[in-house]
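Biologist: I am new to this structure. Please show it to me, and then I will ask about it piece by piece.

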Amino acid sequence: MLDMEGHIDDCFESAPATRTPVTGSYVGGKWVDASGLSTPHAVTIQPVSEKEIDSLSHGGERLVDARKIYINDGDLYSISPSDNWAFTGIDGTFKTVKLDNRPWRNYCKAIVSRKDD
């Protein structure tokens with residue numbers, strides 16, 4: 001079993017982040033986002049490898065400023081692929097591109113990309 005207990009903040013420094021769940025519905029044939037209640041989290045931000053970028057870029061979506069994050073606290077069960085993230089000291093909002101959230105672990109891993117306006 002992979003366990004990050006004892007590795008977070010001893011080897012990697014966590015940073016404050018805010019997660020905003022994004023839901024929505026179609027109104028008149030157009031998607032309208034409806035954001036949920038934001039929650040604070042501690043995350044470890046790491047660079048994304050070339051291999052990960054290559055595998056993600058096959059989906060056809062342009063990745064802007066991709067980063068890998070490990071979420072270390074909070075309600076991990078509520079984290080979903082439709083969430084948006086904001087990080088203290090980093091401009092912009094990031095959307096989840098890939099999520100690895102297994103209930104038996106004590107952390108969650110996601111790849112996020114800056115939202116391109």
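**Fold, pairing and burial**

Modeller: Along the sequence, the chain follows the pattern β-β-β-β-α-β-β-β-β, where helices (H or I, at least four residues) and strands (E, at least two) are DSSP runs, numbered from the N terminus. This is a predicted model, in which local features need pLDDT of at least 70 and side-chain atom pairs count only at pLDDT 80 or more, while totals for chains, interfaces and linings use all residues. Residues are numbered from 1 along each chain as its sequence is written, and side-chain values use heavy atoms, with hydrogens and water left out.

Biologist: Where in the chain is confidence highest?

Modeller: Confidence here is pLDDT, the predictor's own score for each residue, from 0 to 100. The chain has a mean pLDDT of 81, and 84% of its residues reach 70 or more. Confidence is lowest in helix α1 (residues 50–57), at a mean of 75, and the highest value, 93, belongs to β6.

Biologist: In what order do the 6 strands of the barrel close?

Modeller: Two strands pair if DSSP finds at least two bridges between them. The pairing in the barrel is antiparallel, and its 6 strands close in the order β1-β4-β5-β8-β7-β6. Neighbouring strands of this sheet are turned against each other, direction ignored, by an average of 45 degrees, with axes being lines fitted to C-alpha atoms, for helices over the stretch in contact, and angles running from 0 to 180 degrees between N-to-C directions. The order asked for is β1-β4-β5-β8-β7-β6.

Biologist: Which residue stands opposite Lys98 in β8?

Modeller: Strands β7 (residues 94–100) and β8 (residues 108–114) run antiparallel and are joined by 6 bridges. Across from Lys98, the residue in β8 is Ile111.

Biologist: Which residue in the turn of the hairpin formed by β2 and β3 has a positive phi?

Modeller: Strand β2 (residues 22–27) runs antiparallel to strand β3 (residues 30–35), with 6 bridges between them. Ser25 has Val32 as its bridge partner in β3. The hairpin leaves 2 residues between the strands, and the one in the turn with a positive phi, about 60 degrees, is Gly28.

Biologist: Is Lys68 buried or exposed?

Modeller: Lys68 is found in strand β5 (residues 67–71). Leaving out residues up to four places away in sequence, Lys68 touches (heavy atoms within 4.5 Å) several residues, among them Ile45, Val48, Glu52 and Ile111. The cut-offs are under 20% relative accessible area for buried, over 50% for exposed and partly exposed in between (1.4 Å probe, protein chains only). Because its relative accessible area is 12%, Lys68 counts as buried.

Biologist: Which side chain does a polar contact of 3.1 Å join to that of Asp83?

Modeller: Asp83 lies in the loop between β5 and β6 (84–87) and is buried, with a relative accessible area of 1%. A polar contact is a pair of N or O atoms within 3.5 Å; within protein, one must be able to donate a hydrogen and the other to accept it, and residues adjacent in sequence count only if both atoms are side-chain atoms. At 3.1 Å, the side chain joined to that of Asp83 belongs to Arg19.
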